[in-house]
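Could you walk me through this protein model in plain words?

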Amino acid sequence: MRGTQKKALDSITFAKLNSHKPVVMEKHVYIETYGCQMNEHDSERMLRLLESYHYQETKDPKQADLILINTCSVREKPEHKVYSALGRYKWLKEKRGTIIGVAGCVAQQEGDKLLDRVPYLDMVIGTHAIPMLPQLLQKIEVSGERVCETSFDQNGKYLEAVLPEKPVDKVKSYVTIMQGCDHFCSFCIVPYVRGREKSRSSREIFEEVKHLAKMGVKEVCLLGQNVNGYGKGLEEEISFSELLERINEIEGLQRIRFTTSHPKDLSGELIQAFSKLKKLCEHIHLPFQSGSDKILKAMHRGYTKESYLEKIDRVKKACPSIALTADVIVGFPGEEEKDFEETLDLMRKVQFEDLFSFKYSPRKGTRAAQFQDKVEEKVKQNRLSILQGIQKEITLQKNQELEGRVEEVLVEGQSKQSDQDMTGRTRSNKIVNFEGDLSLVGKLVPVRITKAYPHSLRGEITSAQDPPICNLRSAIYNF
Ligand code: SAM
Ligand code: SF4
C-alpha cells in the first residue's frame with residue numbers, strides 16, 4: 001500500500017480539486033486504448049475529465065504531456081502489451097518529462113507491482129478510480145509523487161457520468177448503465193477486475209441520455225456486462241426493458257442499442273421490447289460461447305444449447321427482422337471434437353449475421369485456469385479457422401440478401417475509402433458506404449443496397465417515398 005493513495009474514493013470531492021486547481025497552461029494528453037467498448041468509453045470519460053482540468057487530446061504521443069495506456073485483460077496477453085507500450089514511451093519520459101499512466105484491467109490487477117517494475121511509470125489507475133484522475137494527476141504535478149489507486153468503490157461514484165459541456169461532433173455515444181458482473185463464468189476475469197455488478201439509477205441514465213441528445217448525439221449504446229441484470233440492488237424497482245421504454249421517449253434521440261445480454265437472463269419482456277420500441281434497433285448480441293452442454297456447464301454459463309436455441313426462436317418470432325450476433329470461444333479445457341461439432345451445429349442453426357470468435361486463453365485467478373485437460377494450441381487454432389471460415393460464408397450470404405433492399409442508415413461521417421463517400425450503419429448495425437456529402441452527417445437516410453461485401457455494404461440514397469421494404473421503422477427522414 002502506498003499510504004494515503006489508498007484512501008477511500010468517496011473521501012475526495014471535485015469541489016476540493018477545483019478550489020485548488022492551479023492556473024496552468026493547456027497541456028496535451030495522448031490515450032492508447034486496448035480492448036472492448038467498455039474501455040473505449042472509459043477512455044472517453046478520462047478525456048472529458050481531463051478536458052475540464054487543463055488537458056486537450058492529441059493524437060501524437062510526442063506532443064503529449066500525459067500518456068495514458070488504457071488496458072484490457074479479458075482475452076489478450078495484456079501484460080506483454082503494456083510493457084511493450086511503456087518501453088515505447090520511455091524516451092519521452094526522459095526527454096520531455098512526460099507523465100505516464102496505466103489504467104484499466106491490468107492496472108487493477110497488477111497495482112503497485114507495475115510501479116515497482118517500471119521506475120518511470122507515474123500513475124496506476126484502477127477500474128473504479130477514473131473519477132479520481134484529475135486529483136491523482138494534480139498530486140503528481142505538484143509533488144512529483146508516484147500514485148496508485150486500485151480500491152473498489154462501494155458507493156458507485158465511479159459510475160457517474162462525465163458529460164460533455166458543448167455539442168459533440170459524434171453521432172453516437174456509449175452510456176454505461178451498469179458495471180461489473182456477478183456471474184463468475186469460469187473463464188472470465190471481468191468480476192475480478194471490474195468488481196461486482198452495480199447499476200446506475202434510471203434517473204442519472206435518463207438525464208445523461210437527454211443531455212447527450214441535446215448535444216447532438218443521435219444514437220446511444222447502453223453498456224453493461226449483463227444488461228439483463230439491470231436494476232439489481234437499486235432502491236427503485238426497474239427492469240432493463242422499463243429503462244429502455246423511458247429512454248425511447250427522449251426527444252432528439254433517434255436510435256438505441258445495448259450490449260451485452262446474457263442468454264440465461266434474457267427476459268420475455270426484453271424480447272417484446274424489440275417489436276414495441278420504435279427507437280430500439282433490431283440487433284441483439286447474445287454470446288453463446290459454446291454449443292456443447294458439457295462445455296457450457298464447465299464454463300458455468302447457466303444454460304444449455306437447447307435453451308439457447310429456444311430463446312433465439314422466441315426473439316426471431318417477436319422480431320423477424322432482428323440481426324443476431326454473438327461471441328464464441330474455441331478450445332476451452334476439455335473441448336473434444338464432438339463438442340466443437342456442437343458449436344458449429346449451433347451457429348449453422350442460428351445463422352448469425354456475425355460472430356466474434358476467440359481461442360480460449362487462461363486468465364490468472366479464474367477457475368478455468370486451474371482446469372487440467374487443456375486443448376493444444378494448434379488444435380485451438382485449427383478449430384478457430386474452421387469456425388471463422390463457415391461464419392465468413394454465412395455473413396456474406398446474409399449481406400447479399402440485402403442487395404436491392406432499402407435500409408434506414410444513420411450517417412456517421414466521411415468514408416475512409418473516398419472523399420466522395422459517406423458512411424453509416426443500418427439498424428442491424430451493418431456498415432454502408434454511399435455517395436453523399438457532409439451535410440448528411442447525423443441524419444437518417446433511406447439507402448438502397450447495391451452491393452454486398454464480407455464486411456460492409458455499398459448503396460445509394462433513394463427517395464423516402466420508395467416503398468419501405470425492410471428496416472425503415474423510424475421514417476423520420478430529415479435530409
Ligand atoms: N458479459 C458477456 C457475456 O457473458 O456474454 C461477455 C463479456 S466478455 C468481456 C467478452 C467476450 O470475451 C466473452 O463473451 C468471451 O467470448 C470472451 N472471453 C472472455 N474471457 C475469455 C477467455 N479467457 N478466453 C477467450 N475468450 C474470452
Ligand atoms: Fe464474464 Fe460471464 Fe460476467 Fe460475461 S457474464 S462478464 S463472460 S463473468
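## Around ligand 2

In this predicted model, the residues around ligand 2 are Cys-181, His-183, Phe-184, Cys-185, Phe-187, Cys-188, Val-190, Pro-191, Gln-225, His-262 and Arg-301. Being "around" a ligand takes a heavy atom within 4 Å of it. By class, that shell splits into seven nonpolar, three polar and one charged. Here Ala, Val, Leu, Ile, Met, Phe, Trp, Tyr, Cys and Pro count as nonpolar, Asp, Glu, Lys and Arg as charged, and the others, Gly among them, as polar.

## Around ligand 1

Now for ligand 1: 17 residues surround it, and the closest are Arg-75, Gln-225, Gln-289, Asp-327 and Ser-361. An oxygen atom of ligand 1 is 2.6 Å from a side-chain N or O atom of Arg-75, and an oxygen atom of the ligand is 2.9 Å from one in the side chain of Arg-301.

How much of ligand 1 does the protein cover? It covers 93% of the 570 Å² of accessible area that ligand 1 has on its own, by the Shrake-Rupley method with a 1.4 Å probe. Strand S13 (323-330) and strand S14 (354-359) are the elements that give two or more residues to this shell. Strands here are DSSP runs of E with at least two residues, and helices are H or I runs with at least four.

## The sheet S7-S10-S11

Three strands make an open sheet in the order S7-S10-S11, with parallel pairing. Strands count as paired if DSSP finds at least two bridges between them. S7 (172-176) and S11 (255-259) are at the edges with a single partner strand each, so one side of each has no neighbour in the sheet. The twist averages 25 degrees from one strand to the next.

Five bridges join S7 to S10 (residues 219-223), and Val-175 has Leu-222 in S10 as its bridge partner.

## The sheet S12-S13-S14

Another open sheet has three strands in the order S12-S13-S14, again paired parallel. S12 and S13 pair over three bridges, and His-285 stands opposite Thr-325 in S13.

## Reading the numbers

Residues are numbered from 1 along each chain as its sequence is written, while chains are lettered from A and ligands numbered from 1 in the order written. Local features need pLDDT of at least 70, side-chain atom pairs count only at pLDDT 80 or more, and totals for chains, interfaces and linings use all residues, while side-chain values use heavy atoms, leaving out hydrogens and water.

How values were computed. A polar contact is a pair of N or O atoms within 3.5 Å; within protein, one must be able to donate a hydrogen and the other to accept it, and residues adjacent in sequence count only if both atoms are side-chain atoms. Axes are lines fitted to C-alpha atoms, for helices over the stretch in contact, and angles run from 0 to 180 degrees between N-to-C directions.
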